[in-house]
Amino acid sequence: MAMNSIKIAPSILAADFGRLAEQVQLAQEAGADLIHIDIMDGQFVPNITMGPLVVAAVARVATIPLDVHLMIDAPERFLQNFADSGAASISVHVEACTHLHRVLGQIDALGCRPGVALNPHTPASALCEILDMAQIVNIMTVNPGFGGQRFIAGMTRKIRALRRMAAESGRDIEIEVDGGINADTIRTVEAAGATIAIAGTCVFQHQHGIAAGIEELRRAAALKDAYGDF
Ligand code: DX5
Ligand code: ZN
């Protein structure tokens, strides 16, 4: 595997919740870099998933950082709860925060890495004034709310734009891509500058199991490293 290749963050949204602890352990044994946890409130997105209790349950078995993605309105109400539950990073949506600058400061003050997520329709330029407060940018490559959707190809341009903005900032900013990542799309997003690939369905629902799903993504990313962008 090439040095500095893209990190893989399995999203437990696609896991078997009856065997969640075991599935998280399998993912980390297979070399996952982070565990991605999708929090949905039925308001910001048309789906309800989990809350701080589930993050705490995952934290009890995880040895790798928990990357919490809040798809909830007014996330400032629950930052403390997610920090207490063991989140290493907390990403909020630009579209869900009236006072985004303040919210990112609050996440930082809680000792978590602040992240911002962008819906597909939100331009990279929405982050101009707050990029210096973010350690993670999550570029949604599907409309948030559900796993198993198709990667929106037009998002590649946004990944490139944010990679440039991050480089210009001179700060170490992770560029995450979230939604529709598989062995084909991971090459495209890595070539465009993504540093973390979030993947639910193709890891937890891989026909040969979780380790095979992660291995397939790694192999595809390594091919990209060997042959460049194709
Ligand atoms: C979608 C979530 C994603 C999702 C990705 O709202 O933010 O993290 O779980 O799932 P797949 O990989 O199935 O597209
Ligand atoms: Zn997510």
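**View 1. Ligand 1 in its pocket.** In this predicted model, ligand 1 sits in the largest pocket. Here a pocket is an open set of points on a 1 Å grid over the protein atoms alone, with protein on both sides within 12 Å along at least five of seven lines, and a molecule sits in it if more than half of its atoms lie within 2 Å of its grid points. Strand 2 (35–40), strand 3 (66–71) and strand 8 (196–199) each give two or more residues to the shell around the ligand; strands are DSSP runs (E, at least two residues), numbered from the N terminus.

View 2. Which of the 20 residues around ligand 1 come nearest? They are Asp 38, Gly 148, Asp 178, Gly 200 and Thr 201, where being near takes a heavy atom within 4 Å. Strand 2 supplies the largest share of the shell, 3 residues.

**View 3. Polar contacts to ligand 1.** A backbone N or O atom of Gly 148 lies 2.7 Å from one oxygen atom. On the side-chain side, a polar atom of Ser 11 is 2.9 Å from a ligand oxygen, and an N or O atom of His 69 is 3.3 Å from one. The protein covers 99% of the 380 Å² of accessible area that ligand 1 has on its own (Shrake-Rupley method, 1.4 Å probe).

**Notes.** Residues are numbered from 1 along each chain as its sequence is written, and chains are lettered from A and ligands numbered from 1 in the order written. Local features need pLDDT of at least 70, side-chain atom pairs count only at pLDDT 80 or more, and totals for chains, interfaces and linings use all residues, while side-chain values use heavy atoms, leaving out hydrogens and water.

Terms used
A polar contact is a pair of N or O atoms within 3.5 Å; within protein, one must be able to donate a hydrogen and the other to accept it, and residues adjacent in sequence count only if both atoms are side-chain atoms. On a 1 Å grid over the protein atoms alone, a cavity is a set of points where a 1.4 Å probe fits but cannot get out, and a pocket is an open set with protein on both sides within 12 Å along at least five of seven lines; lining residues have an atom within 4 Å of a point. Helices (H or I, at least four residues) and strands (E, at least two) are DSSP runs, numbered from the N terminus.
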